[in-house]
Amino acid sequence: MLGKKLREVLGPEKVKDSQSWRLSYAYDGTPTGYRGVPDVVVFPETTEDVAKILAFASEEGIPVYPRGAGSGLTGGAAPLEGGIVVSTEKMNSIVEIDEDNLGVLVEPGVVTYDLQVEVEKRGLFYPPDPSSYKYSTIGGNIAENAGGPRCVKYGVTKDYVMQLEVVFADGTVAKVGSKAVKSVAGYNLKDLIVGSEGTLAFITKAYLKLIPKPEAVRTALAVFPKVEQAAQAVADMFKAKVIPTACEFLDKNSIVAVERYAKIGLPTYAEGLLIIEVDGYEAVVDELISRAVEVCKAAGAEEIKTAATKQEREALWMARRAVSPAIVQLKPKKINEDVVVPRSRIPELIKNVYRIADKYNLMVVNFGHAGDGNIHVNFMYEPHEADRVEQAVREVFELTVALEGSISGEHGIGWMKKEFLPLEVGPALEKMKAVKRALDPKNILNPGKVFDL
């Protein structure tokens, strides 16, 4: 019945409601599987289509679940039960590359990597680079405020969103933000929508800031016998006023897993490994990487490799890129948390995460974006250990908040983390709920995500 009504609204070719289609869109990248199956999946092609869908859903009181590539890890794009999944995969045009103003106008279904390739042909650069950048979409990146290795130097997605075209829950179409560099006209609804995980509005276009493409890149890999030395090197690097483009961390379990998986010659005796990258003008990058290397040596690095060619740079990055496929072979199940703390607190975070793992007799693998304090804490476990993992995760979140950090650096809250959100935001949670009620009074936009009403 719902599919029939939506076909009348959109046309038959944009609506799918067979069981196979519904099951295919019941999942996202969250490792725990699906929570519910949608009643129908729709594929809008224009802003007008999205407005019609939301106006209809608002009138009928039907939940709507916005979806990009479905690569999220906290259930943000997965339906809880029933309702309409609205996929942006047909809204995938790069509308305009505005070289005069260093901007680009895109639809939400544009793949991040495709955008980067196109603008780099013109000597321009879009820095945000989540690990999923070769398949995740701009709309999903904005909804989650995605980060990535380069955000140490360049910031996260919100720092590049200048203006959004959105459809609110009642079907109203509006532009928030401005293509101008400065705008203080009214409340900043644009930044409120960025990172709201599809709970406040549906993004239909985005005007993004670009910057000139860096002339040169240098990369080094540093190996530390003790994990504390690697963590300290990160903190010391910023004290020395060295701001890397990326600074990625692997602990001993990560190193061993990658070496077993990829056999690239990593020293398995090491407890910590850093991949450091700098970029900028050709005249300064050698000096920058030299300073970073000296910091690592002073912190106790025993082996350091510096890439001399693009091929050698890719080989160094292989260690980081192989982590995720490598560690899934360690145990049948994995829970991946993306906590973030101030850089100076990284040594405390790492030390205490190991303490928590020992307390519950669990395997833990730590890796991630150490340059901005964002560590991916991965508990690898057998099915019968699930209760202990749940307890350990809560303690990791409590530790993170105690260290003045955040329970999510880039994955978002979705449904997986919403029980832990009060640990960080406290009384502000009720104010967040008030905003949600104001913009989506019928609670149709991605209900059950971030928090419950």
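Visitor: Does E385 count as buried or exposed?
Guide: This is a predicted model, in which local features need pLDDT of at least 70 and side-chain atom pairs count only at pLDDT 80 or more, while totals for chains, interfaces and linings use all residues. Residues are numbered from 1 along each chain as its sequence is written, and side-chain values use heavy atoms, with hydrogens and water left out. Buried means under 20% relative accessible area, exposed means over 50%, and partly exposed lies in between (1.4 Å probe, protein chains only). E385 has a relative accessibility of 8%, so the residue counts as buried.

Visitor: Which residue forms a salt bridge with E385?
Guide: A salt bridge is a side-chain nitrogen of Lys or Arg within 4 Å of a carboxyl oxygen of Asp or Glu. For E385, the closest N and O atoms of the pair are 3.4 Å apart. The partner is partly exposed, with a relative accessible area of 26%; it is R388.

Visitor: How many residues apart are R394 and E419?
Guide: R394 and E419 form a salt bridge, with 3.5 Å between the closest N and O atoms. This pair links distant parts of the chain: R394 lies in helix α14 (residues 386-402), and E419 lies in the loop between α14 and α15 (421-425). Helices (H or I, at least four residues) and strands (E, at least two) are DSSP runs, numbered from the N terminus. The separation of R394 and E419 is 25 residues.

Visitor: What is the N to O distance in the salt bridge of D159 and K158?
Guide: D159 is partly exposed at 33% relative accessible area, and K158 is partly exposed at 39%. Their side chains meet at an N to O distance of 3.3 Å.

Visitor: How many salt bridges does the rule count?
Guide: Some salt bridges share partners, and these join E99, E118, K121 and R122 into one network. By the rule, the count of salt bridges comes to 32.

Visitor: Are the residues on both faces of strand β4 buried or exposed?
Guide: Strand β4 spans residues 84-87. I84 and V86 lie on one side, and V85 and S87 lie on the other. Both faces are covered, and these four residues are all buried.

Visitor: Which residue in β4 is the bridge partner of V41?
Guide: Two strands pair if DSSP finds at least two bridges between them. Strand β2 (residues 40-42) and β4 pair in the parallel sense over three bridges. In β4, the partner of V41 is V85.

Visitor: Which residue stands opposite V86?
Guide: Strand β3 (residues 64-67) also pairs with β4 in the parallel sense, over four bridges. Opposite V86 in β4 stands P66.
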